[in-house]
Amino acid sequence: MTYGWMGTILRVNLTNEKITKEPLDKQIATKFLGGRGLNGITLFRELKAGIDPLSAENVLLFGMGPCNGTLSLGSGRYNITARSPMTGGFGDSNSGGFWGPELKYAGYDQIIIEGRAEEPVYLWIDGDEVEIRNAGKLWGRDTFETEQILKEELEDPRIQMLYIGQAGENLVRFANVMTGLYRAAGRSGMGSVMGSKNLKAIAVRGNKGVGVAHPSKLQEAALKAYDILYSDWFAQLFSEEGSPCLVDIYNNRLGALVTRNFQAGVFEGAEKILGKYFDENYKIANKGCFSCPLHCGCFYMIKEGPFAGLRWGKAEFATIVNFTSRVGVDNIEVALRAGILTDKYGIDLISMGGVLGFAFECYEKGILTPKDTDGLKLEWGNGDAVLELVRKVAFQEGFGKILSEGVKRAAEVIGKGSEDYAIHTKGLEHIECDPRGLQAWGLGYAVSSRGADHLRALPAFEYTISPEKAKELYGTEKAADRFSIEGKGKMVKWFEELRAFADSMEICKYITRTGLLFPEPLVEMLNAVTGMEYKPDDAFKIGERIVNVERAFNVREGFSRKDDTLPKRFLEEPLMEGPSKGHVCDLEPMLDDYYKFRGWDVKTGLPTRAKLEELGLSEIALELQKMGKIPPEKKTRLEEKK
Amino acid sequence: MKKILMVSPQLCTGCRICELVCSLSRDGECNPLKSCIRVFKIKEEGIDIPGVCQQCESPLCADVCPVDAISRDPDTGALIIREEICVGCRACSMVCPYGAITMDISKRIMIKCDLCGGDPKCVKFCLTKALVYDRPEVLDTLRQESTLRSLVKPLLKSRETATIKKEKTK
């Protein structure tokens, strides 16, 4: 395996400080590629059901893909995987930046972290030399300070790092892992798993290259892909405004922008949080992750007022919306400041927005009073309270301690009917796009293996393609109608497959939100790098295999159809105004449709033996059978005679 | 007239595609350490600076080379290190004003930009035009124009505001 894959897995046991290097199983690599796929099957094999996600028994996986570190587009990403402390199911998060490629250059495709260090430590990977070092002086520091201290200690600007902030140390359930100051592996609480292991940071320096089987073919494929990318209106908009351009699309065009904890889908103060407004008033440069021609990262600065001079390398759609419309704030600077805080403390800002919206609505409904909130007046639009709560959550101070567990657990503590305002699926807070205006997105949130999340499916075609194209791809023109439930089962399956494939190549989702979504250009790059001969259809097969492994993991933890659901608000309360007025998410028939296309049991949502075996996952079928999750194999009469 | 490779740090997004395509076309693998162009980052300020040889008119590297391994390509004007002669003494890297000569750690000899024989790959793959390759008088004019344009931005802005006000009063 000289091309694409580095061929080595690094296993680090923090309890006994044993460091071992294992060869990458070529068959597994061929079947799962790497990154999310490789991590998925590894997690299934390494863990047994029911362990405490925040105990030494959990493992923390860092996975790279075969294209990481090469000219392949957007190949700077990596996946972190563990059992999630938020959902209790499959936990997984993906981040950009420059760390993933550097780990490839150091010679590894995956890191498996086991056990728990007695004292805070960090991992220093200098190519072949790997060392567990004391992190005493890093503990208690935010991510920005951690980067500065480590940079000074290790003395090489080429070194790439990832780390947790105070939130991860304090086991805030939705703590994230930050990479290179501005990039976050945000969702499903991977930062708290890292914190529970007393692992503060991983610093990497490599000195090898990633072998490419067909160098000139890769160059041709990349140039062709740039053309496809930039012929797409979405990429043009994104390369200028970054993801904040989505505010306009979700608010003005779709009427599906989270507003006051999803009480509405249009925000009256949207004008001053638009991507265009951000671009004109704050952005000073476009920045790209590794090998990315889209460069959607916006370096910005507040130019006037009391916070003039404040600058940071990232403000996403999620940064802006979670701290503005979600809590009724119409001042973008509150969001920019809160975004810097969440990045520094190491908090997933989507879940943070979720707990804020929840708390503010409980306050509005009288469930919470200033007595419960340490005196904070959680009135919609109170930006100071937003900023103060971010800090309180990071340090688990007072009322912040309750919120630091996520909305599901917070509602259990608060009671008094507050669970109606806890907007989550499987324990993970929803993202900013309202599924009442986007039926396929609703289905995607419900069935996502890591809880309410848009990136598992990201069925953007629901509102971007023509009816003719929808018929060609999903068998019905209605699939292009965002209010229709027809064709959505097939659409979500189709998207989930391609997203899982891209996550395993470790290619960015914004790159593949364009014409590069289709497998042909991706497979062309993959083959040029690895020298393998994958066909475009293999992308769907690999994706399907990955989705089934993650499903099986969740089934082993007790999940089934009953968990593939949405908050009551999305299912029963129609949106009152805007372009999605009058709609709810009609989930159940879409679920039937989806399971049918998946070849899973429609009643229970469990994968079937036939499907698992078709995908070459017999070991998983056997394990689920032992647990009584799938029935034992029925032998035909003919077989019995034999 | 020989062309030059001009760098505009203000247009660089820091994606490092130039490093990848350079090492890929030279060595068949993606390895930033084997690239003749490298992007340096001031992350805290969002600044990225690609460092690459500017093919000096009076090259110090060639002057100090004790074995005369560095000579100018008559067609492209690029200063070329001849692998078979280079002894890896690093004298050239000591005097380079851009720090643009580095050591290939597997071959143990010095490497630098050779302009890919007159068709630099990094330029071809740089989508924001932070790297461009043309005759110096053309590039100097372009740079001068864009610098001066940014100087008059406030003036243009005031005219725009006046136009909007006029339209509103209609």
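Biologist: In which strand does B:Asp104 lie?

Modeller: B:Asp104 belongs to strand β7 (residues 102–104) of chain B. Helices (H or I, at least four residues) and strands (E, at least two) are DSSP runs, numbered from the N terminus. This is a predicted model, in which local features need pLDDT of at least 70 and side-chain atom pairs count only at pLDDT 80 or more, while totals for chains, interfaces and linings use all residues. Residues are numbered from 1 along each chain as its sequence is written, and chains are lettered from A and ligands numbered from 1 in the order in which they are written.

Biologist: Is B:Asp104 buried or exposed?

Modeller: A residue is buried if 20 or more other C-beta atoms, placed from the backbone, lie within 10 Å of its own, exposed if 12 or fewer, and partly exposed in between. B:Asp104 counts as buried because it has 20 C-beta neighbours inside 10 Å. Two residues are in contact if their C-beta atoms lie within 7 Å. Leaving aside residues up to four places away in sequence, B:Asp104 touches B:Lys34, B:Ile109 and B:Ile111. By contrast, 36 Å separates the C-alpha atoms of B:Asp104 and B:Thr141, which are 37 residues apart along the chain.

Biologist: What radius of gyration does chain B have, and what box does it fill?

Modeller: Along the principal axes, its C-alpha atoms fill a box of roughly 75 × 35 × 25 Å. Of the 170 residues of chain B, 34% count as buried. Its secondary structure comprises 6 helices and 9 strands.

Biologist: In what order do the strands of the open sheet in chain A stand?

Modeller: Two strands pair if DSSP finds at least two bridges between them. In chain A, 6 strands form an open sheet with mixed pairing, in the order β2-β1-β6-β3-β4-β5. Its edge strands, β2 (18–23) and β5 (90–95), each pair on one side only. Strand β1 (residues 8–13) is joined to β2(A) by 6 bridges, antiparallel, and A:Arg11 has A:Thr20 as its bridge partner. These two strands form a hairpin with 4 residues between them, and A:Glu17 in the turn has a positive phi of about 60°. To strand β6 (residues 110–114), β1(A) runs parallel over 5 bridges, and there A:Val12 is partnered by A:Ile113.

Biologist: Why does the length of helix α2 of chain A agree with expectation?

Modeller: The expected span of a helix is 1.5 Å times one less than its number of residues. The 12 residues of α2 (residues 35–46) of chain A should therefore span 16 Å, and its end C-alpha atoms are 16 Å apart. The helix is mostly covered, with 9 of its 12 residues buried; among them are A:Gly35, A:Leu38 and A:Ile41.

Biologist: How many residues does each chain give to the contact?

Modeller: Chain B gives 21 residues and chain A gives 30. On the side of chain B that touches chain A, α1 (17–27) and β2 (29–30) of chain B are the elements that give two or more residues, and α1(B) gives the most, with 6 residues. Strand β13 (residues 210–211) of chain A also pairs with β2(B), antiparallel, over 2 bridges; A:Val210 stands opposite B:Cys30.
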